[in-house]
Amino acid sequence: ILPSNISWTKNNIANTDYIVTSQPLYTDDLNIPFKKMYMGSTFSDIDIDLEENQQKVKEQRDTLLEMFRDSNIKGVLSGDHHKSSIKVDPINNNLSHYIFGSISSDLNGLPQSLIQSPRFSVIKLYDNGKLQVEDIEIL
């Protein structure tokens, strides 16, 4: 993420209730391996360039997470983690992290069902600012 984009986000979150990200920012409260995964990570050995880039992504994640925790944002909605969950932030209990699961049938050659059944989520945002998330399993 370019520094100008991080600055833009910081300058525009004052009246924001929810943020949507492609990857979860908060994963520490999830079970292994999900608490160790962030954008670009894999289950296999990685080369040093990817590892350095992942560290930069993690630092950006930390910057964004701190920014969101210090704001009035109610939730961060994210995908691409193969397991749905809703976690209340341990530092700001007014902030929730919504992670949406996968509709795929496998993950790296293993059945998706080992982690969680394939699913998608229906998100409803009401005029009063309340958010409702419903997981729909794909049988």
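This is a conversation about a predicted model of one protein chain.

Reader: What should I know before I start?

Author: This is a predicted model, in which local features need pLDDT of at least 70 and side-chain atom pairs count only at pLDDT 80 or more, while totals for chains, interfaces and linings use all residues. Residues are numbered from 1 along each chain as its sequence is written, and side-chain values use heavy atoms, with hydrogens and water left out.

Reader: How many helices and strands are there in the chain?

Author: The chain has two helices and eight strands. Helices (H or I, at least four residues) and strands (E, at least two) are DSSP runs, numbered from the N terminus. Starting at the N terminus, the elements follow the pattern α-β-α-β-β-β-β-β-β-β.

Reader: What is the order of the strands in the open sheet?

Author: The open sheet has four strands in the order β1-β2-β4-β3, and its pairing is mixed. Its edge strands are β1 (18–21) and β3 (85–88), each of which pairs on one side only. Two strands count as paired if DSSP finds at least two bridges between them.

Reader: And which way do the pairs run, parallel or antiparallel?

Author: β1 and β2 (residues 75–78) run parallel and are joined by four bridges. β2 and β4 also run parallel, with four bridges. β3 and β4 run antiparallel, again with four bridges. In general, strands of a sheet pair through backbone hydrogen bonds, either parallel or antiparallel.

Reader: Which residue is the bridge partner of Thr-21 in β2?

Author: The partner of Thr-21 is Ser-78. Ser-78 in turn has Ile-99 as its bridge partner in β4.

Reader: Where do the side chains of β4 point?

Author: In β4 (residues 96–99), Ser-96 and Tyr-98 point one way, whereas His-97 and Ile-99 point the other way. All of them are buried. Buried means under 20% relative accessible area, exposed means over 50%, and partly exposed lies in between (1.4 Å probe, protein chains only).

Reader: How much of the chain is buried overall?

Author: Of the 139 residues, 36% count as buried. The accessible surface of the chain is about 8,900 Å², and 51% of that belongs to carbon and sulfur atoms. Such areas come from the Shrake-Rupley method with a 1.4 Å probe, and for residues only the protein chains shown count as cover.

Reader: Which residues make up the largest nonpolar core?

Author: The largest nonpolar core has 12 residues, among them Ile-6, Ile-13, Ile-19, Leu-25, Phe-68, Val-76 and Leu-95. Helix α2 (residues 48–69) gives the largest share of this core, namely four residues. A nonpolar core is a set of buried Ala, Val, Leu, Ile, Met, Phe, Trp, Tyr and Cys residues joined through side-chain atoms within 4.5 Å.

Reader: What is Val-76 in contact with?

Author: Leaving aside neighbours within four places in sequence, Val-76 is in contact with Ile-19, Thr-21, Leu-25, Phe-68, Leu-95, Ser-96, His-97 and Tyr-98. Contact means heavy atoms within 4.5 Å. Across the chain, 46% of the contacts with a separation of 6 or more are between residues 24 or more positions apart.

Reader: Changing topic, how many salt bridges does the structure hold?

Author: It holds three salt bridges. A salt bridge is a side-chain nitrogen of Lys or Arg within 4 Å of a carboxyl oxygen of Asp or Glu. Lys-58, Arg-61 and Asp-62 are linked in a network of them. The closest N and O atoms are 3.7 Å apart for Asp-62 and Lys-58, and 2.7 Å apart for Asp-62 and Arg-61.

Reader: Why are Asp-62 and Lys-58 separated by about one helical turn?

Author: The reason is that Asp-62 and Lys-58 are four residues apart in helix α2.

Reader: Which side chains meet in a salt bridge of 2.8 Å?

Author: Those of Arg-69 and Asp-89, N to O. Arg-69 lies in helix α2 and Asp-89 in the loop between β3 and β4, so the pair ties together parts that are 20 residues apart in sequence. Both Arg-69 and Asp-89 are buried.

Reader: Last one: how many bridges join β7 to β8?

Author: Seven bridges join β7 (residues 119–125) to β8 (residues 131–137), and these strands run antiparallel. One of the pairs is Phe-120 with Ile-136 of β8. Their hairpin has five residues between the strands, and in this hairpin Gly-129 takes a positive phi near 90°.
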